[in-house]
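Subject: Handover of a structure and the findings from it

Dear colleague,

Please find the sequence and the structure below.

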Amino acid sequence: YGKGQKPGDQVTLDQVKHRMALLASRFNWVRSFSTTQGNEHIPRAAHSMGMKTLVGAWLGKDADKNRLEIENLIALANEGVVDVAAVGNEVLYRGDLTEEELLNFIRKAKKEIKGVPIGYVDAYYEFADRPAITDICDVIYANCYPFWEGCSQEYSLLYMKDMYHRAKRAGNGKRVIISETGWPNKGSSLEGAFPSEENALKYFINAQKWSKEEHIEMFYFSSFDEAWKVGSEGDVGAYWGIWDKNEKLKY
């Protein structure tokens with residue numbers, strides 16, 4: 001989302017192409033969170049520029065929107081622009097759906113999408129607590145944020161490794177992708193976790209180094225700073241990007 005935009009607003013094709021061109025100059029994969037309101041342009045634009053995609057259907061409390069998100073995910077996957085798919089993002093953590101409602105959405109996607117691994121995104125610990133969800137997933141998408149658990153930057157890599165391995169154990173041999181991790185460069189601290197330019201840069205370097213050395217599949221959150229996030233996450237929410245809000249690389 002650009003200046004003045006927020007979830008619920010329509011994202012334009014030109015806007016998506018512009019952002020995807022910036023991403024494609026540095027990265028091989030991109031993750032998208034929704035298949036409606038212009039977000040359906042993301043996997044098409046990414047594929048046209050040689051990137052691979054993790055495409056998510058955003059599920060919440062709106063039944064009609066949920067159905068459209070799933071239908072669009074199925075259509076995009078069958079179009080060939082989805083490399084791995086996610087049905088829902090932290091819906092159990094938020095309490096938006098019951099486990100059985102989520103399972104039904106995953107079953108529908110798996111029935112109608114062929115040849116694309118399908119999973120669900122949530123906090124790393126949910127997969128040990130939700131064996132039925134873990135069992136139905138082809139791939140586990142684990143969100144791992146030492147910052148949000150008040151961990152100091154000094155110990156954050158060890159903490160993230162533990163998060164990852166907890167999801168790995170829950171998956172019992174299944175493919176695990178870290179679907180989100182990151183560190184903000186500005187904003188308020190949380191217990192021992194302090195946002196700063198130095199801490200954000202160190203976390204990024206450590207995460208990438210570990211990912212490369214141990215072949216950990218990882219999506220880094222996020223691409224661009226987004227001002228709208230201050231509402232749900234406080235002032236720190238606006239500063240997770242690799243690029244700032246003016247599309248300038250921070251480092």
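At what angle do helix H8 and H9 pack, and how far apart are their axes? Helix H8 (residues 156-171) packs against H9 at about 45°, and the two axes are 10 Å apart. Axes here are lines fitted to C-alpha atoms, for helices over the stretch in contact, and angles run from 0 to 180 degrees between N-to-C directions. Helices (H or I, at least four residues) and strands (E, at least two) are DSSP runs, numbered from the N terminus.

Before going further, please note that this is a predicted model, in which local features need pLDDT of at least 70 and side-chain atom pairs count only at pLDDT 80 or more, while totals for chains, interfaces and linings use all residues. Residues are numbered from 1 along each chain as its sequence is written, and side-chain values use heavy atoms, with hydrogens and water left out.

Helix packing

Two packed helices are described by the angle between their axes and the distance between the axes. H8 and H9 are oblique to each other; angles under 35 degrees count as roughly parallel, over 145 as roughly antiparallel, 65 to 115 as roughly perpendicular and the rest as oblique. H8 passes H9 in a right-handed crossing. A crossing is right-handed if the near helix is turned clockwise from the far one by less than a right angle, and left-handed if anticlockwise.

A second pair is helix H3 (residues 63-79) and helix H5 (residues 99-112), whose axes come within 10 Å and cross at roughly 25°. H3 is therefore roughly parallel to H5. The crossing of H3 past H5 is right-handed.

Salt bridges

Side chains of opposite charge can pair when their charged atoms come close. The whole structure holds 17 salt bridges, each being a side-chain nitrogen of Lys or Arg within 4 Å of a carboxyl oxygen of Asp or Glu. One of them joins Arg31 and Glu180 at 3.0 Å, N to O. Arg31 lies in strand S1 (residues 29-32) and Glu180 in strand S6 (residues 175-180), so this pair ties together parts that are 149 residues apart in sequence. Arg31 is buried at 13% relative accessibility, and Glu180 is buried at 7%. Buried means under 20% relative accessible area, exposed over 50%, and partly exposed in between (1.4 Å probe, protein chains only).

Within helix H9, Lys209 and Glu213 are 4 residues apart, about one turn of the helix. Their closest N and O atoms are 2.9 Å apart in a salt bridge, and Lys209 is partly exposed at 48%.

Backbone features

The peptide bond from Phe221 to Ser222 is cis, with omega near 5°, and Ser222 is found in the loop between H9 and H10. Glu90 has a positive phi, near 55°, although Glu90 is a residue other than glycine. Glu90 lies in the loop between strand S3 (84-89) and helix H4 (91-94) and is buried, with a relative accessible area of 19%. Glu247 likewise has a positive phi, of about 65°, and is not a glycine; Glu247 is partly exposed at 25%.

Yours sincerely
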